[in-house]
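These are my notebook entries on a look through the model, taken part by part.

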Amino acid sequence: MSELDTVAVLGTGTMGAGIATAVARSGRQVLLVDTAPDRALAGRRSVADTLATGVRRGNLTAAERDETLDRVRPVSSLPEIADAAVVIEAVPEDLEVKAEVLKRVEQVCSSEVVLHTNTSTLSVTAIAGRLHRPDRLIGTHYCNPADRMRLVEVAPARQSDPAVVQQTVEFVRHLGKDPVVLKDTPGLLTNYLLVPFENDCVRALEAGWATAEEIDLAVTAGAGFPMGVFRLLDLVGLDVHRAVSMSLYDQFHDQRFAPPPLVARMVAAGELGRKSGTGFYRYED
Amino acid sequence: MTDIGLVGAGFVGSQLAQRCAEVGHRVRLLDRDRRRAETVAQTVRDGAAATEVSVVDVYAGLAGCAVLVEAVSEDRACKDEVLSALASVGADDTVLLTTASSYTVTDLASALALPAAVVGFHLMPETKHGQLVEIAAGERTSPSSVEQAEAFAAEIGLRVLTVGDRPGRIARRLLMPFLNQIVQALDDALLAPRDVDRIVTLGLGHEEGPLAKLNRTGIDDHLAATGRAYELVHDPALAPPPLLARMVSAGRHGDKAGWGFEGLERA
């Protein structure tokens, strides 16, 4: 693809807005798509907020912010993305939802379009299996926050065209990010490693080995993780963690992936982490 | 100022000697390789001229130390030999620290003359969050020994976590399955070794790639530690993945052997 080609980003949540920001920063035109017009507009506002933060931190100038934002157009009708060369899907983490959206994209875009699915737990091959042109799909997993984190895991489906793999690696490099190609496996490497580690920590807490603060100290000052697991889980959200764990458990059937009972109890009690004010820690704001 | 007797001038022993000297403790260092002990003592003296670090040749030279530390390699016969020699020179108010993590304190202390004095003192490598020591009491350890160990650890600037007498304690117990899973992912050919380290540093934010770290700290050491933990706990996540055993059989022990996990980016 050339630099003039347009990229469509489907989904305006945290990942969609973050990816849209990263793509627009690389100089490409971005169509930020949500079939609900107000959500498409809200997605563009998230991009604007992220860019404004970047200006405050000195990462970009006000002029660069304006130019970047000008490249992001909110779109609420799918036929408007017909000319996109790359379509990045970042809709909710559900195989049915992702497959449905991508099938509709296939109907409006050319047969040359490259489809990226930003999945953190699902099989890229399983999603590709639902498509008319499975060879055009590839998995790209961005780390949160997507506008700043350099790593992008690139997972070809079994059906992916080798040319699509090559184009995707180049696309990610053009974003200024570091692509790592690996086999299509649930969770790719980041969640495949992190989720069972987090669950081990929760089980240690539940078994009374130590308090959340103490285990976080062991994990950071001892095991060398950048952030305590319980701080991280509170940030991610216990409900999200439970869903991610369950999705991985359903595919691996290895008990380390299964969400521990404490997670289910916390979700039932509405202790979802930072967003609800209480999780493993309490938050006053 | 306190007299500290330290046995083992390896990685852990030299770090402890350094920290003790920095806060003004008098350190007496014993290693079966006297030259290694001399080298560590000289390095510590070079760092700060006012420090008092001496090398002794026999256990009797450690008599009178308030704190005795065993920091020899994680091998049962070595641990037993050194701990029993230290117990024979310790007084009633001496605290005897063992840096072991994959044996329980209870087990190590049971045959000794001073089981109440023995405290687990498991030192983890330095991180940007500081350096952690996990302090563990065995079944027969006295509360005052634990308090002495905690005070000593705080004095020398460690982050202190007092934990139960579990194999691997907490930090390593949690880390070993994480490392085993990485080794299995390599054997499953999910990705190349250098890509593992890129993902874990760039994506998970670790300072050092896990494979570079295993190369540095010894693949054979990890195999031994996770194997012992598995024998005690029977958790399959601690079972050594077959690739580890193959590598160690082939002499691929990491940096000290000149080869281990290959193709990593040089730090």
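**Entry 1: between the domains of chain B**

By class, the side of domain 1 of chain B that touches domain 2 of chain B has four nonpolar, four polar and three charged residues. I took Ala, Val, Leu, Ile, Met, Phe, Trp, Tyr, Cys and Pro as nonpolar, Asp, Glu, Lys and Arg as charged, and the others, Gly among them, as polar.

I note the basis here: this is a predicted model in which local features need pLDDT of at least 70, side-chain atom pairs count only at pLDDT 80 or more, and totals for chains, interfaces and linings use all residues. Residues are numbered from 1 along each chain as its sequence is written, chains are lettered from A and ligands numbered from 1 in the order in which they are written, and side-chain values use heavy atoms, with hydrogens and water left out.

I then checked salt bridges (a side-chain nitrogen of Lys or Arg within 4 Å of a carboxyl oxygen of Asp or Glu) and recorded zero between domain 1 of chain B and domain 2 of chain B. The bounds, from an automatic or database domain assignment, are 3-163 for domain 1 and 171-257 for domain 2 of chain B. I read a separation of 27 Å between the C-alpha centres of these two domains. Their contact (heavy atoms within 4.5 Å) takes eleven residues from domain 1 of chain B and seven from domain 2 of chain B.

For buried area, I used the accessible area (1.4 Å probe) that two parts lose on being put together, summed over both. The two domains of chain B bury about 790 Å² between them, 55% of it on carbon and sulfur atoms. In domain 1 of chain B, S102(B), M124(B) and K128(B) lose the most area to domain 2 of chain B, together 44% of what that side buries.

**Entry 2: chain B against chain A**

I found 39 residues of chain B in contact with 37 residues of chain A. The two chains bury about 3,400 Å² between them, 71% of it on carbon and sulfur atoms. In chain B, the most area is lost to chain A by L174(B), Q181(B) and L190(B), together 20% of what that side buries. α6(B) supplies the largest share of the side of chain B that touches chain A, nine residues. I took helices (H or I, at least four residues) and strands (E, at least two) as DSSP runs, numbered from the N terminus.

**Entry 3: backbone of chain A**

Which peptide bond is cis? I identified the bond from N144(A) to P145(A), with omega near 0°. P145(A) lies in the loop between β6 (137-142) and β7 (151-156) of chain A.

I also noted L188(A), whose phi is near 45°, in helix α7 (residues 188-206) of chain A.
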